[in-house]
Amino acid sequence: MRTIRVAAAQSGPIQKAEPRDDVVRRLVALLEEAARRGARLVVFPELALTTFFPRWYMEEETDVLAWFEPSMPSPTTRPLFDRARELGIGFSLGYAELTPEGRRFNTSILVDERGEIVGKYRKIHLPGHVAYDPDRAFQHLEKRYFEPGDLGFPVWRTLGGIMGMCICNDRRWPETWRVLGLQSVELVMLGFNTPSVNSQDSAEGPTQRLFHHRLSMQAGAYQNATWAVAVAKAGVEDGHALMGGTLIVDPNGEIVAESATLEDELVLYDCDLDACRFGKQTIFDFARHRRTEHYGLITSRTGARPPD
Ligand code: ING
């Protein structure tokens with residue numbers, strides 16, 4: 001048994017006006033509670049330091065950059081890194097990354113129990129749109145504020161296992177999971193900020209949103225024989241509702257733990273990484289069963305094209 005106690009640290013809403021230092025204090029409190037309960041890894045949400053600002057249209061570069069971290073750890077996040085190192089636990093953290101060259105990414109880092117950044121992932125699947133859309137009840141401007149990630153879908157040997165990360169919309173794309181699965185990933189961690197209602201009129205309401213979220217997580221975990229941890233930023237931010245649904249899925253695709261609130265909430269589970277072995281050695285023994293000679297369209301064709 002290679003068991004790691006994981007804490008999914010769901011965050012309740014972060015209002016636009018909430019000072020980042022206050023947010024970090026909330027994250028540190030969750031980290032300390034997770035340590036008290038024996039966790040060795042804490043997973044925080046996507047864009048965990050601020051409100052989900054891509055819902056707001058901003059013209060001025062300075063207004064946009066105010067939401068970004070120009071360094072990591074930054075003065076704002078140093079207390080989180082210091083406390084985690086004191087407690088000897090690792091964590092993943094989603095934030096808006098501004099690089100020294102001025103490039104902007106929706107990023108997540110993986111920090112080990114020594115407080116060292118051992119992994120970085122930049123969100124590849126950016127939903128939404130680039131220009132202001134007057135027909136929407138609220139905007140979703142990730143394509144305006146972030147570049148698509150340029151680091152691929154890496155995995156890292158750390159915290160006793162093979163760990164991978166993705167972010168929010170990535171979970172809806174099977175390619176995300178398969179690229180991680182082809183690197184023998186044993187635990188995929190991700191944060192998400194998912195509006196509980198559509199910004200455009202559509203049939204999909206909160207229950208269907210939760211259904212698609214669970215479906216994506218369970219399929220990804222099962223089809224790649226990996227643990228999966230999804231952590232929400234939830235609740236109402238300046239009038240805009242984000243859904244909950246923080247959950248942990250085992251390598252068999254079963255949801256083994258789920259949040260019950262839309263507030264700051266910890267969901268813990270003892271993940272036995274050796275439980276990935278059965279799936280990886282039977283149904284999803286990729287080497288024995290996959291036929292890559294027939295999969296060419298997956299990387300050669302971007303958009304769907306019907307037959308003539
Ligand atoms: N949010 C949403 C997500 O993928 C979305 C965007 C919502 C896409 C509902 C499709 C349906 O969960 C982010 N931040 O990616």
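The structure is a predicted model, in which local features need pLDDT of at least 70, side-chain atom pairs count only at pLDDT 80 or more, and totals for chains, interfaces and linings use all residues. Residues are numbered from 1 along each chain as its sequence is written, and side-chain values use heavy atoms, with hydrogens and water left out. Helices (H or I, at least four residues) and strands (E, at least two) are DSSP runs, numbered from the N terminus.

**The hairpin**
- Strands S4 (residues 104-111) and S5 (residues 117-122) run antiparallel and are joined by five bridges; two strands pair if DSSP finds at least two bridges between them.
- Across the pair, Ile 109 stands opposite Lys 120 in S5.
- Five residues lie between S4 and S5 in this hairpin, and Gly 115 in the turn has a positive phi of about 85°.

**Helix H3**
- In H3 (residues 78-87), the buried residues are Leu 80, Phe 81 and Ala 84; buried means under 20% relative accessible area, exposed over 50%, and partly exposed in between (1.4 Å probe, protein chains only).
- Seen down the axis of H3, these buried residues fall within an arc of 95°, so they line one face of the helix; the arc is that of the directions from the helix axis to the C-beta atoms.
- They pack against helix H1 (20-36), strand S3 (90-98), S4 and S5.
- After H3 comes Gly 88, with a positive phi near 70°.

**Thr 158**
- Strand S6 (residues 155-158) holds Thr 158, which counts as buried because its relative accessibility is 11%.
- Leaving aside neighbours within four places in sequence, Thr 158 is in contact (heavy atoms within 4.5 Å) with Leu 110, Asp 112, Val 118 and Met 163.
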